[in-house]
Amino acid sequence: MNDLSQIENELRKLRPARPSPILFERVEEAMTDGRIGASHTVKPERTRYNWLSLGFGLAAAAVLVLFAAVKMERQDSGKEIAQTSREPETAPLLNRAQKSTSTDRFVPAGATRLVYNTRDEGLQFAGNSGQPLRRMRYQAHETWQWRNQTTGVSLRVSYPSEEVVLIPVSGE
């Protein structure tokens with residue numbers, strides 16, 4: 001028990017001292033001072049924009065747009081858009097009519113198939129099949145091209161396509 005009384009005595013010594021009366025006077029003066037408004041709220045200072053940096057940024061963007069426009073104009077002016085011919089257009093038509101029609105036809109020149117989506121729709125039992133079939137759906141873009149060898153004219157047809165394939169699955 002003697003130990004507890006010693007601890008209590010030490011704790012009493014550690015208590016904070018009373019504030020001085022001068023501190024209370026200063027706090028009272030600060031509260032009644034006219035610098036703080038009656039509502040006792042301090043309004044945050046309004047954020048101001050740096051208009052000078054905004055102006056420089058807009059000017060730099062405008063210069064970049066002008067350079068891009070000039071560069072595009074230079075690229076377009078170098079290309080030839082149309083070509084004029086001094087020969088009349090009826091001459092090649094007459095020559096083509098005189099040639100045989102067997103050489104004047106379209107011949108397949110190429111085909112491409114671009115598969116852009118493959119979807120596995122899972123296993124299914126189709127019809128009288130004794131084993132499961134995996135159903136695959138392919139979405140593609142197909143392009144067919146034909147060329148006329150005598151005139152050099154080409155024809156190209158592109159279209160989307162969708163194909164469903166059933167693949168047998170073995171259980172081994």
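1. Strand E3, residues 154–168, is the top contributor to the nonpolar patch, supplying three residues. The patch itself lies on the surface and consists of Phe106, Trp144, Val153, Leu155, Val157 and Tyr159. Together these side chains account for about 510 Å² of accessible area. Note that this is a predicted model.

2. Tyr159 sits in strand E3. Its relative accessible area is 32%, so Tyr159 counts as partly exposed. Patch membership requires over 30%, and Tyr159 is listed among the members.

3. On the overall layout: the chain has four helices and three strands. In sequence order the pattern reads α-α-α-α-β-β-β.

4. Burial next. Of the 172 residues in the chain, 6% are buried. The chain exposes about 16,300 Å², and 57% of that comes from carbon and sulfur atoms. For contacts between residues at least 6 apart in sequence, 55% link residues at least 24 apart.

5. Mean pLDDT is 77, with 73% of residues at 70 or more.

6. Two stretches call for comment. Where pLDDT is low, coordinates should not be read in detail.

Definitions and conventions. Residues numbered from 1 in each chain as written. Predicted model: local features only at pLDDT ≥ 70, side-chain atom pairs only at ≥ 80, totals over all residues. Heavy atoms only, no water. Patch = residues over 30% accessible without salt bridge, like charges linked within 9 Å, V, L, I, M, F, W, Y side chains within 5 Å. Areas by Shrake-Rupley, 256 points an atom, 1.4 Å probe, with all protein chains shown as cover. Salt bridge = Lys/Arg side-chain N within 4 Å of Asp/Glu carboxyl O. Helix = DSSP H or I, 4+ residues; strand = E, 2+ residues; numbered from the N terminus. Buried < 20%, exposed > 50% of the residue type's maximum accessible area, 1.4 Å probe, protein only. Contact = heavy atoms within 4.5 Å. pLDDT = per-residue confidence, 0-100.
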